[in-house]
Amino acid sequence: MNSTIEDNTRQTRVTILDVAAAAGVSKSTVSRILDERLPRSDSETARRVRKIAEDLGYVRDVSAASLRRGSTMTVGVIVPRLTDTVMAMLYESLAKACSRTGRFAIVATTDDKPQADRLAAESLLKRGVDGLILSTARDDDDFPDVLAARGVPTVLALRTDGHSPSAVGDDRLGGYLATRHLIDLGHRRIGVIAGPSYASSARGRVEGYRQAMMEAGQEVDTSIVVTSTFGIESGAQAVEHLMRRSEAPTAIFAVNDNTAIGALSGLMHMGLSVPGDVSLVGYNDIPIVSHLSTPLTTLRVAFEQIAANAIDLLGREHIPLDDRIRVSAPTLIPRKSTRSIML
């Protein structure tokens, strides 16, 4: 019985030809107007075709369209973990950007481990994704180059290897703005929770910190630039290292909001107040940081713009060298975790 129902459904399904006949236009015109990947036309003909398609109950057959194009209209996204709010925000933005172009995003997590990246990529490619977006690029791994050599369309997001197609934030600018903000408040001994050295995002933010310090005529004390992971616990450990020094910093720049949250917790356990004893700046502006007991000063990352750039780059066959790495500027969001120490 179910088979009969399915057969009747196939026989009565409204096609593009039905819409074209009812509208008195060509099949190609209907296809172009109803293709969600193309800019939406508001012409009288386009409005009429869409109205007729709706009245007839036309539903676009995505699988058939994909077969004609030799594509599945799916994008594989590889992130370290979705428990990291930054990666969850990136994936949501990528999923929305995909939807606007008629695509669908599939995510895989790898705990930021190179071998797991490879396994996840193979799994996604076996499922027919049209390309991959990686937020796991590492300085010590050539996986994007391996994919490019195989002809797999690949774009890096949030992190870059410096030459592959990439959609990233301007991390150097963000690190500079965070540090300049603290310098302008009178701080001179500024510690850094620097993140992992294999991630371009972390390195860029530390480079921005160094630039701002040098411009202010301040020597960079490497003993208060502490390598960490991007996790909360790592931030708590790093801040304890910083504040146990004989000359503790009066301000701390954490290159990620998670480590800043860990730092905030660590400072509280040491009996220190923010910003009374130490000013603190994070990075990314994840939703929770504006609702902390001490709302966090941070850098807001343009996730939607980065995602839109990533999807656009993934859909291009030939990308000019000067357009291979697209950079989106962050915005400083001052809140209550920083204060002036100037007299």
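Analyst: A charge is said to sit over a ring if NZ of Lys or CZ of Arg is within 6 Å of the ring centre and within 35 degrees of the ring normal. In this predicted model, local features need pLDDT of at least 70 and side-chain atom pairs count only at pLDDT 80 or more, while totals for chains, interfaces and linings use all residues. Residues are numbered from 1 along each chain as its sequence is written, and side-chain values use heavy atoms, with hydrogens and water left out.

By that definition, the charged end of Arg205 sits over the ring of Tyr283, at 3.8 Å from the ring centre. Tyr283 also belongs to an aromatic pair, whose rings (of Phe, Tyr or the six-membered ring of Trp) must have centres within 6.5 Å, with planes under 30 degrees apart called stacked, over 60 edge-to-face and the rest tilted. Searching the whole structure gives one such pair. Its members are Phe253 and Tyr283, and because their planes stand at 45°, with the ring centres 6.4 Å apart, the pair is tilted. Phe253 lies in strand β8 (residues 251-254), whereas Tyr283 lies in the loop between β9 (279-281) and β10 (298-300), so that distant parts of the chain, 30 residues apart, are linked by the pair; helices (H or I, at least four residues) and strands (E, at least two) are DSSP runs, numbered from the N terminus.

Buried means under 20% relative accessible area, exposed over 50% and partly exposed in between, with a 1.4 Å probe and protein chains only. Phe253 is buried because its relative accessible area is 0%, and Tyr283 counts as buried with 1%. A further charge over a ring is found at Tyr198, where the charged end of Arg138 is 3.7 Å from the ring centre.

Six strands form an open sheet in the order β2-β1-β3-β4-β5-β11, with parallel pairing, where two strands pair if DSSP finds at least two bridges between them. The edge strands, β2 (104-109) and β11 (325-328), each pair on one side only.

Within this sheet, β3 (residues 131-134) pairs with β4 in the parallel sense over three bridges, and the bridge partner of Ile133 in β4 is Val155. On β4's pairing with β5 (residues 166-169), there are two bridges, again in the parallel sense, and Ala157 stands opposite Ala167 in β5. Both faces of β4 (residues 154-157) are covered, with Thr154 and Leu156 buried on one side and Val155 and Ala157 buried on the other.
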